[in-house]
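Subject: Structure for your review

Dear colleague,

Please find below the sequence and structure that I am handing over to you. My findings follow directly after them.

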Amino acid sequence: MPTVSLLLFVLAVAPANTAPADPKAAVTAVLDDWHQAAAVADEARYFGHFTDDAVYLGTDATERWTRDEFRAWARPYFSKGKAWNFKAVSRHITFSKDGAVAWFDEALDTANMGPARGSGVLVKDASAWKIAQYNLSIPIPNDVLPDVQRRIERYLGRANNNHKKTPVGKVPPARVPAHDTPPTQAPRQTQ
């Protein structure tokens, strides 16, 4: 009986190993906690998952932010107690040969954008994984891509024609289609 008591005592006072031993499980835990931190508007926890020199790429062509720029942009959302809620529906994770870098892509279910995709890179910092780059995108079905492309080109053409000042290198050059560019779907015939 003393041996069992001693074993139980040692287990009770031993520090808990909170980091998963499996590297994929560890990266998954970081990404899931990062998304959860946004869902509950925990700014410190959310941005604590980034490296100091991390880059966040948003869905707009102008959205290339350092961690600190992204935090400044996101602060009003977090301070109101409502950021965003992304849930990974699938995720693929790959590691460098030395195990110090992981890259991933994930399909996301989002309340405000619909289906989305995230991809990025994590680096191992001591025993913790940190996000060095994240790229949020909205996958566009190939069948609707021509229409979306024309809409983007028209938008950029209008923005440039309105003499809006666009930062150099921030927006791709606009190719404005001719006014007679056909729609991707034929107009419905009325009888």
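Is W73 buried, partly exposed or exposed? At 37% relative accessibility, W73 counts as partly exposed, where buried means under 20% relative accessible area, exposed over 50% and partly exposed in between, with a 1.4 Å probe and protein chains only.

Please note that this is a predicted model, in which local features need pLDDT of at least 70 and side-chain atom pairs count only at pLDDT 80 or more, while totals for chains, interfaces and linings use all residues. Residues are numbered from 1 along each chain as its sequence is written, and side-chain values use heavy atoms, with hydrogens and water left out.

Aromatic pairs

Rings of Phe, Tyr and Trp (its six-membered ring) are paired if their centres lie within 6.5 Å; planes under 30 degrees apart count as stacked, over 60 as edge-to-face and the rest as tilted. The count by this rule is 25 aromatic pairs. In one of them, F70 and W73, the ring centres are 5.9 Å apart and the planes stand at 10°, so the pair is stacked. Both residues belong to helix α4 (residues 67–79) and are three residues apart, about one turn of the helix; helices (H or I, at least four residues) and strands (E, at least two) are DSSP runs, numbered from the N terminus. F70 counts as buried, at 1% relative accessibility. The ring of F70 also pairs with that of W84: their centres are 6.0 Å apart and their planes at 35°, so this pair is tilted. Because F70 lies in helix α4 and W84 in the loop between α4 and β3 (86–95), the pair ties together parts that are 14 residues apart in sequence. W84 is buried, as is F70.

Salt bridges

The whole structure holds eight salt bridges, each defined as a side-chain nitrogen of Lys or Arg within 4 Å of a carboxyl oxygen of Asp or Glu. One of them joins the side chains of R71 and E43 (2.9 Å, N to O). R71 lies in helix α4 and E43 in helix α3, so this pair ties together parts that are 28 residues apart in sequence. E43 also meets R75 in a salt bridge (2.9 Å, N to O). E43 is buried, at 15% relative accessibility, whereas R75 is partly exposed, at 41%. In a further salt bridge, between D52 and R67, the closest N and O atoms are 3.0 Å apart. This pair links distant parts of the chain, with D52 in strand β1 (residues 50–57) and R67 in helix α4, 15 residues apart. D52 is exposed, at 64% relative accessibility, while R67 is buried, with a relative accessible area of 17%. Elsewhere, D32, R91 and E106 are linked in a network of salt bridges.

In α2, the buried residues are A26, V27, V30, L31, W34, H35, A37 and A38. Seen down the axis of α2, they fall within an arc of 165°, so they line one face of the helix; the arc is that of the directions from the helix axis to the C-beta atoms.

Most residues other than glycine have a negative phi. A41, which follows α2, has a positive phi, near 60°. A41 is buried, with a relative accessible area of 15%. A126, in the loop between β5 (114–125) and β6 (128–137), also has a positive phi, near 60°, but A126 is exposed, at 71% relative accessibility.

Yours sincerely
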